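Subject: Structure handover

Hello,

Here is the structure I promised to pass on. Please open it and keep it beside this note while you read.

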Amino acid sequence: MAESLLQPAPAPAIVEDAVQDTLIAIHDKRHTFDPGRPFGPWLGAIARYKWIDRLRALKRMATEPLGEDIATQDHGAAVISATILNQLLAELKPAQAECIRLVKIHGYSVEETSRRTGQSISLVKINIHRGLARLTLAVQNQAYADG
């Protein structure tokens, strides 16, 4: 039990605690509300003070310093892949690149892509097919040039 008091709670739990503190404070201070004045600023002031109390409590909580040997994921390959993909898509006709991005990358259906682009469903399918064929050729040509 003592250990759990020393470790900071995850962010969603902290927010939920602050909400509960605010609701209790509203109940305790309800006699201070003047019905002739707006409710929002009164509520906002209570919530603000309770949030500040939470932040002060976090400042006093025991924490462990971060070591130098923290494992971090290398995003270099993902950045390079995204850059190459953008370069390849830039070689396509804009309509082909847009359809491929929407359907193959962002996961939209052909029908949704048709509505978003104003192209017919058949044209979306044709643009995807032709665009992927051009991408395949571009990648193969690049592989031969590198090899």
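One term first: two residues are in contact when heavy atoms of theirs lie within 4.5 Å. With that in hand, take Ser114. Not counting residues up to four places away in sequence, Ser114 touches Gln119, Ser120, Ile121 and Val124. Ser114 sits in helix 6. Its relative accessibility is 12%. Buried means under 20%, so Ser114 counts as buried.

Please note that this is a predicted model.

The overall picture

The protein chain has seven helices and zero strands. Along the sequence the pattern reads α-α-α-α-α-α-α. The chain has 147 residues, and 17% of them count as buried. Now look at contacts between residues at least 6 apart in sequence. Of these, 53% join residues at least 24 apart.

Helix 5 and helix 6

Next, the pair I looked at in detail. Helix 5 covers residues 94-105, and helix 6 covers residues 110-117. Their axes come within 9 Å. They cross at roughly 135 degrees. That angle makes helix 5 oblique to helix 6. The crossing is right-handed.

Which residues make the contact between helix 5 and helix 6? From helix 5 come Glu98, Cys99, Leu102 and Val103. From helix 6 come Val110, Thr113, Arg116 and Thr117. By type, the residues of this contact divide into four nonpolar, two polar and two charged.

The loop and Tyr108

Between helix 5 and helix 6 there is a loop, and Tyr108 is in it. Is Tyr108 buried, exposed or partly exposed? Its relative accessible area is 27%. Buried means under 20% and exposed means over 50%, so Tyr108 is partly exposed.

What does Tyr108 touch, leaving aside its neighbours within four places in sequence? The contacts are Leu102, Val103, Thr113 and Arg116. Leu102 and Val103 are also on the helix 5 side of the helix contact. Thr113 and Arg116 are on the helix 6 side. With Arg116 there is a polar contact as well: the side chain of Tyr108 meets the side chain of Arg116 at 3.4 Å.

Where to start

Find Tyr108 in the loop between helix 5 and helix 6. Go from there to Arg116, its polar contact partner. Then move along helix 6 to Ser114.

Best wishes

Definitions and conventions
Residues numbered from 1 in each chain as written. Predicted model: local features only at pLDDT ≥ 70, side-chain atom pairs only at ≥ 80, totals over all residues. Heavy atoms only, no water. Axes fitted to C-alpha atoms, helices over the stretch in contact; angles between N-to-C directions. Helix = DSSP H or I, 4+ residues; strand = E, 2+ residues; numbered from the N terminus. Parallel < 35°, antiparallel > 145°, perpendicular 65-115°, else oblique. Left-handed = near helix turned anticlockwise from the far one by under 90°. Nonpolar A, V, L, I, M, F, W, Y, C, P; charged D, E, K, R; others polar. Buried < 20%, exposed > 50% of the residue type's maximum accessible area, 1.4 Å probe, protein only. Polar contact = N/O pair within 3.5 Å; in protein donor to acceptor, adjacent residues only side chain to side chain.
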